Amino acid sequence: MKKILLLVAVVLGVSFSAYSQVNVTFKVDMSVLIANGYYIPAGDTVRVAGDFNGWSTTANDLVKGTGADTLIYSAIVSAVPTGTINYKFIFSTLVGVQWETLANNRQATIGATDLTLPTVPFYTNINGAKEHVWFKVDMTVPIKAGQVIPGT
């Protein structure tokens, strides 16, 4: 009887450890996007999406750091499965969801204990340079109709 109970305990222990889950802290540096006006902290939201949350674009909000870390956003995500996970950072604006433009997903190997991943910059192909755009409008018709007076 003791051997059977021991066998059951071992099988259950192995089963539970194969599906163990831990807390993972994700951190991203938003400084370049903030400095160039692409991310507005007052209205936009940073999130992490990955295979651990079904690539959700609405789950796992990151919060703004304090003190010297005000440009670093982080979140503790509970119940992340052990093993290799894939993820990317995203941010939501009034325009929509903006994904990191990495060619491949970020990856992390999750062990049996809680983990804090290193702080990484939000990767985007935005180079920080602003481009000037010139618009030309033909105002001939409104001027001739007296709707627009040049110089006023």
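This is a predicted model: local features need pLDDT of at least 70, side-chain atom pairs count only at pLDDT 80 or more; totals for chains, interfaces and linings use all residues.
**Entry 1**

Residues are numbered from 1 along each chain as its sequence is written, and side-chain values use heavy atoms, with hydrogens and water left out.

I then listed the aromatic pairs, of which the structure holds 7. Rings of Phe, Tyr and Trp (its six-membered ring) pair if their centres lie within 6.5 Å, and planes under 30 degrees apart count as stacked, over 60 as edge-to-face and the rest as tilted. One of the pairs is that of Tyr39 and Phe91, which is edge-to-face, with 5.5 Å from centre to centre and 90° between the planes. Tyr39 lies in the loop between α2 (31–35) and β2, whereas Phe91 lies in strand β5, so the pair ties together parts that are 52 residues apart in sequence. For the names of these elements I note that helices (H or I, at least four residues) and strands (E, at least two) are DSSP runs, numbered from the N terminus. Phe91 also counts as buried, at 5% relative accessibility.

I next turned to Tyr87 and Phe89, whose ring centres are 5.7 Å apart with the planes at 85°, so this pair is edge-to-face.

Is strand β5 mostly covered or mostly open? I found that β5, which spans residues 83–92, is mostly covered, with 8 of its 10 residues buried.

I then looked for its pairings, bearing in mind that two strands pair if DSSP finds at least two bridges between them. Strand β2 (residues 45–50) runs antiparallel to β5 and is joined to it by 6 bridges, and in this pairing Ala49 stands opposite Lys88 of β5. Strand β7 (residues 106–110) also pairs with β5 in the antiparallel sense, over 5 bridges, and here Ala108 in β7 is the bridge partner of Ile85. With strand β6 (residues 97–99), which is antiparallel to β5 as well, there are 3 bridges, and Phe91 stands opposite Gln98 in β6. I also noted that β5 and β6 form a hairpin with 4 residues between them, and that Gly96 in the turn has a positive phi of about 145°.

**Entry 1: salt bridges**

How many salt bridges does a search of the whole structure find? The search finds 2, where a salt bridge is a side-chain nitrogen of Lys or Arg within 4 Å of a carboxyl oxygen of Asp or Glu.

In one of them the side chains of Asp61 and Arg47 meet at 2.6 Å, N to O. Asp61 lies in the loop between β2 and β3 (63–64) and Arg47 in strand β2, so the pair ties together parts that are 14 residues apart in sequence.

I located Asp69 in the loop between β3 and β4 (72–81), where Asp69 is partly exposed with a relative accessible area of 44%. Asp69 and Asp29 are 40 residues apart along the chain, and their C-alpha atoms are separated by 8.8 Å.

Thr25 is found in strand β1 (residues 21–29) and is buried, with a relative accessible area of 14%. Which residues is Thr25 in contact with, leaving aside its neighbours within four places in sequence? I found Ala75, Ile76, Leu115, Thr116 and Leu117, with contact meaning heavy atoms within 4.5 Å.

Notes
Buried means under 20% relative accessible area, exposed over 50%, partly exposed in between (1.4 Å probe, protein chains only).
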